[in-house]
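Subject: Structure handover

Hello,

Here is the structure I promised to pass on. Please open it beside this email and follow along.

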Amino acid sequence: MTAIDGIERLETTGLWRPEAGAQRQEVYVSIGEAELVVQDRSGSALSHWSLPALIRLNPGRDPARYAPARRADEELEITEPEMVAALDRVVDAVARGRQRPGRLRRILTGLTVGGGLGLLLMWLPDALRDQAAGILPQSQQQDIGNRMLSELTLLTGPPCRTVTGDEALETLRSRVLPTTPARLAVLRDLPQPALALPGGVLVLSDTPLVTQDDPDVVAGHLLAAAVTAADAPPLVSFLRSLTTVDLIRLMVAGDVTDEEITSYVEGILLDAPALLPAENLRTAFAASGIAWTPYAEATGQPVGTVTPSDMVPALNDTLWLTLREICNG
């Protein structure tokens with residue numbers, strides 16, 4: 001991207017806020033080939049922002065404030081004039097690119113050099129999806145997942161919440177996914193027992209909570225969705241639903257339309273992504289210490305040889321009863 005040529009060695013300090021309401025902290029900011037990196041005092045990376053998706057929140061005002069994408073909760077405040085000027089160059093260049101659609105046509109035409117047009121048209125969409133999946137910042141993935149969750153709530157109502165129910169849900173998450181960052185939400189009457197969305201969002205239906213007597217069944221639905229998402233990421237599935245032009249717009253401007261979000265959510269509600277085969281799931285259950293038999297019997301999976309189990313239930317009776325009441329608050 002020529003808009004950032006010559007500024008890749010800039011470094012400065014700034015004030016960074018990881019999410020809405022969080023306290024700002026002083027950080028080091030540097031520009032890489034196509035990304036902005038936020039680091040703490042020890043040099044550990046706190047966040048990676050895609051430069052083409054960068055948004056200036058307060059044009060023409062000081063101190064300059066930036067976000068990694070539209071609707072993102074992260075925010076960065078910079079006062080160093082040279083860095084502000086460089087980042088504004090990137091923002092302006094992307095804006096000009098949106099205003100000149102003919103430039104995109106010239107770029108695509110240039111890609112045909114060295115290969116046949118037919119071969120390019122077969123290769124380009126998959127290559128763009130692979131590249132988009134690899135460079136999309138985690139904050140933007142979370143934004144996409146949160147927007148999909150909001151779309152689901154238009155059909156189901158707001159996520160179920162009570163103080164004690166939230167505590168039980170967090171205990172379940174820690175028990176089933178102790179090393180996997182995930183945001184859990186319970187929705188009423190979701191057609192699928194559990195759905196994985198981009199950005200680590202996992203959605204549980206209240207149906208298995210009220211129809212099953214064993215917390216291991218609900219834990220199984222959560223684990224099955226999570227391990228399937230690790231093997232076939234929801235972000236990749238979403239990118240496959242986009243056209244080539246949509247992908248280019250996402251990579252250049254960091255823009256995902258409401259229509260694209262709605263279309264994908266409607267698709268997974270009607271036809272949820274297939275789970276991993278039973279043998280793969282059973283291996284994951286054993287590794288996580290979750291009993292396989294209750295989930296297998298509830299879902300019609302092969303139970304296999306049943307042996308006495310010394311696995312600890314996913315939740316104790318008190319927490320299980322509390323979680324079952326989360327939608328009655």
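A residue counts as buried when its relative accessible area is under 20%. Keep that cut-off in mind for helix 4, which covers residues 138-156. Its buried residues are Ser139, Gln140, Gln141, Asp143, Ile144, Gly145, Arg147, Met148, Leu149, Leu152 and Thr156. Please note that this is a predicted model.

What do the buried residues of helix 4 pack against? Three strands are on the list: strand 8 (183-187), strand 9 (194-197) and strand 10 (201-205). Helix 8, helix 9 (244-253) and helix 10 are on it too.

The length of helix 4 can be checked. The helix has 19 residues, so at 1.5 Å a residue it should span 27 Å. Its end C-alpha atoms are 26 Å apart, which agrees. Gly157 follows helix 4, and its phi is positive, near 90 degrees.

Now the whole protein. There are 13 helices and 10 strands. Of the 329 residues, 45% are buried. The accessible surface is about 17,000 Å², and carbon and sulfur atoms account for 53% of that. Take the contacts between residues at least 6 apart in sequence: 58% of them join residues at least 24 apart.

Next, the aromatic rings. A pair of aromatic rings is described by the distance of the centres and the angle of the planes. The structure holds 4 aromatic pairs. One of them is Phe238 with Tyr264, with 5.5 Å from centre to centre and 80 degrees between the planes. Planes over 60 degrees apart count as edge-to-face, so this pair is edge-to-face. Phe238 sits in helix 8 (residues 234-240) and Tyr264 in helix 10 (residues 258-270). They are 26 residues apart, and the pair links distant parts of the chain. Phe238 has a relative accessible area of 0%, so it is buried. Tyr264 is buried as well, at 6%.

Trp292 and Tyr295 make another pair. Their ring centres are 5.8 Å apart and their planes are at 55 degrees, so the pair is tilted. Where do the two residues lie? Both are in helix 12 (residues 292-299), 3 residues apart, about one turn of the helix. An α-helix has 3.6 residues a turn, so residues three or four places apart point the same way. Trp292 has 7% relative accessibility, so it counts as buried. Tyr295 has 1%, so it counts as buried too. Ring pairs also bring in Phe285: Phe285, Trp292 and Tyr295 are linked into a cluster.

Best wishes

Conventions: Residues numbered from 1 in each chain as written. Predicted model: local features only at pLDDT ≥ 70, side-chain atom pairs only at ≥ 80, totals over all residues. Heavy atoms only, no water. Phe/Tyr/Trp six-rings, centres within 6.5 Å; stacked < 30°, edge-to-face > 60°. Helix = DSSP H or I, 4+ residues; strand = E, 2+ residues; numbered from the N terminus. Buried < 20%, exposed > 50% of the residue type's maximum accessible area, 1.4 Å probe, protein only. Contact = heavy atoms within 4.5 Å. Areas by Shrake-Rupley, 256 points an atom, 1.4 Å probe, with all protein chains shown as cover. Expected span 1.5 Å × (residues − 1).
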